[in-house]
Amino acid sequence: ISDQKPLGCWSVKHGQILTCPVVCNFETHEYIAVHDDKVLRIWKNEDINLDKAFKATLSADVYRIHSLPGGGPVVLFRGGGVRTLDVLLEAPQQEIENVISDEVIRWSGAFMEGQQPILIFTTEKDGDFFVYVQKPKLSSLHKYKLEQQESSKPLCFTAHLTNQTVTLLCLYSNDSVYQVLIPLQQDREEEEEEDEEILSKSLLLNFSVPGTVLKGTSLVVLDKDHVAVLGGLAVPGKEPRECLSIWNTKFQTLQTSKELPLGTSGQLWCYEEKFFLIHGKVLTVIMYKCETSSLAAAVGKLKDSQTPDVSSFVNWNTLEEEEHMVSFQSQECVALKAESKMNLRSRRSTVAEVQPETLSVGQLLLNLKDASTYVLETELRQLMSKAPTPDLQATIGCVVTALTDRCKRNPKYYPQNFLLEIVETRDLSYSLCPDLMAVALEKKDMHLLQICLERFPDIPEEITYACLKAFLSISEAHLQSIDVNLDSVICYIDVEFDNKDVKTEIVENGFSAKMDQDMCDTKIPKETQSRSDGESCPVGLQKAALLNAVLHSAYTETFLLPHLKNLPAQQAVLFLRYLYYLYVKCSEKVNTTLPGTRSPTINQIMDWMCLLLDAHFTVMVMLPEAKELLSNLHKFVRAQVRFYSELNKIEGSLRELQRLNHLRESQTYSIEVLEII
């Protein structure tokens, strides 16, 4: 999310519509979607085409799918029927009962009680609201009627399960939150014959603040003492302003709020201690952590740490316009003291719990701003050597940020060994230290860039391209003096130090030039065979290792292709020669796998070849030095296609041979003749 890197994208056919939110099955790591109300789709992350994914047409319209960790997905139909996904897939066309009559579902939620999934949903009919509680595995259903509220109605619902009691929170149009307690009843046969029970509600929270009224549109529960509300802040005589606010339900107080000037969609999600909301055209994510509520924190009397610009309850830096943090102070990680009862952390401002008698991470880094190099690195090493804590990784990110800040302020300062040690021994990511690779590119630290490319899972495509361009442009002579990890190339490239020529090992089961010529009925000029047949590597050992690191870096084609088009033509040709060389080397192996640690896979090589050809095909066709390379690449691919086509012809015979081998007794000697037609 922090680097806006799409990890997967799927779309339905033209005319089809996704009719309920897509969920993930935690048990099978599959995605589940419904389009056109009745068509169920299930697919995995590696699947590309949604149209080829598993499909099941159901007999009734689906309202929502809820996925429960440990309980599997539960499907709620518009008629009120509920099925677990396993039961539904056994007979997709099974009849689904209509539980509700002339009622419309307004909200639904799901929980786990022990090993039993529980689904709760609310409905509306003629101004009356009803609550249903179902246990699908036990075929249990209870219906309740919500007590009416004069001159107001529910706008949204949320719920949580505690001690076999469902607590339903209802946000009403009179700017209040009401609480409804629903005990999970034991199933009785006579339950169905009883009239529906009326649920009474109690006022939990009123949003009226002197001079303003909060018109809530979405409500989520943070813990037993805190709720978050997204809505419009109405001030007499002014237009309502949208804001996100956090309230203490125990002491009936507003803890903090933040205006959202760019507007929202009116929806607020909360998942794994993170807020998700649409602010303008951007998905904003805010991390938070709840602790036990106290009166001091509720009324704002809690002593804050030495960070005067930060609320004692929440840090809102995620929503600030100055997201790139111009000043040094805003670049540091702000830490609140341990007494703070709830901390919200953005991806660039990390909140760490520390003991009251110790300095916060942010304050420590501020104190070290002007310290000597020796003192700075000594203190930072001590900070990283502390016992592991939940925020240790974020602390390491702050340490790297402090080092890169000093590098930018002092061009002569560059702790290469210290940075290498941190990246190699700590589990970091690009988003935790976004300036590190930019500084390494400026310093032309190829070894650090190589390690980052191999270890960081979230590198933006712009940085990946910058690394590729730097690797291709640096001279082979300069690379000889640089320490580079050669594990990915040392097993399939041999270097003769006498003449500096790069040669490859001799392997069997490969495609020779002679075989390629025979299959294509063409002749490759003798003078170009050593350069383009893959018999010699077009780059040196160090450069090959650096390029392999780029091949391993994750990317999204849509975002990488525009950058690749800016790659100079000569560098593009050189890179394509190296990819072609790797392609030939992979094809020489029976299992199409290169030896060595972190060597490129055949899929990575082919994907990058396609990307490079898409970006530079017109230019390469015009370049004389590239025409022969493209021709040889075409011949080699055509030879492989023919070879695999021949293998496909005898696939049936090979399968039959394998079957006979299984049937043969191990102690019996025999001679068999199999005729392959």
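R83 and E97 pair through their side chains in a salt bridge, with N and O 2.9 Å apart. The model behind this report is a predicted one. R83 sits in strand β7 (residues 82-84), while E97 belongs to the loop between α1 (85-90) and β8 (104-113), so this contact ties together parts that are 14 residues apart in sequence.

The two partners sit in unlike surroundings. R83 has a relative accessible area of 15%, and is buried because that value falls under 20%. E97 reaches 34% relative accessibility and counts as partly exposed.

## A link between distant parts

Next comes the salt bridge between the side chains of D435 and K408, at 3.1 Å from N to O. This pair links distant parts of the chain, 27 residues apart: K408 lies in helix α6 (residues 392-409), and D435 in the loop between α7 (416-425) and α8 (436-443).

Here D435 is partly exposed at 26% relative accessibility, and K408 is partly exposed as well, with a relative accessible area of 43%.

## A pair within one helix

E646 and K649 also form a salt bridge, their closest N and O atoms lying 3.3 Å apart. Both belong to helix α18 (residues 624-649), and because they are three residues apart there, about one helical turn separates them. E646 is partly exposed, with a relative accessible area of 45%, whereas K649 counts as exposed at 59% relative accessibility.

Searching the whole structure gives 13 salt bridges.

How values were computed
Residues numbered from 1 in each chain as written. Predicted model: local features only at pLDDT ≥ 70, side-chain atom pairs only at ≥ 80, totals over all residues. Heavy atoms only, no water. Salt bridge = Lys/Arg side-chain N within 4 Å of Asp/Glu carboxyl O. Helix = DSSP H or I, 4+ residues; strand = E, 2+ residues; numbered from the N terminus. Buried < 20%, exposed > 50% of the residue type's maximum accessible area, 1.4 Å probe, protein only.
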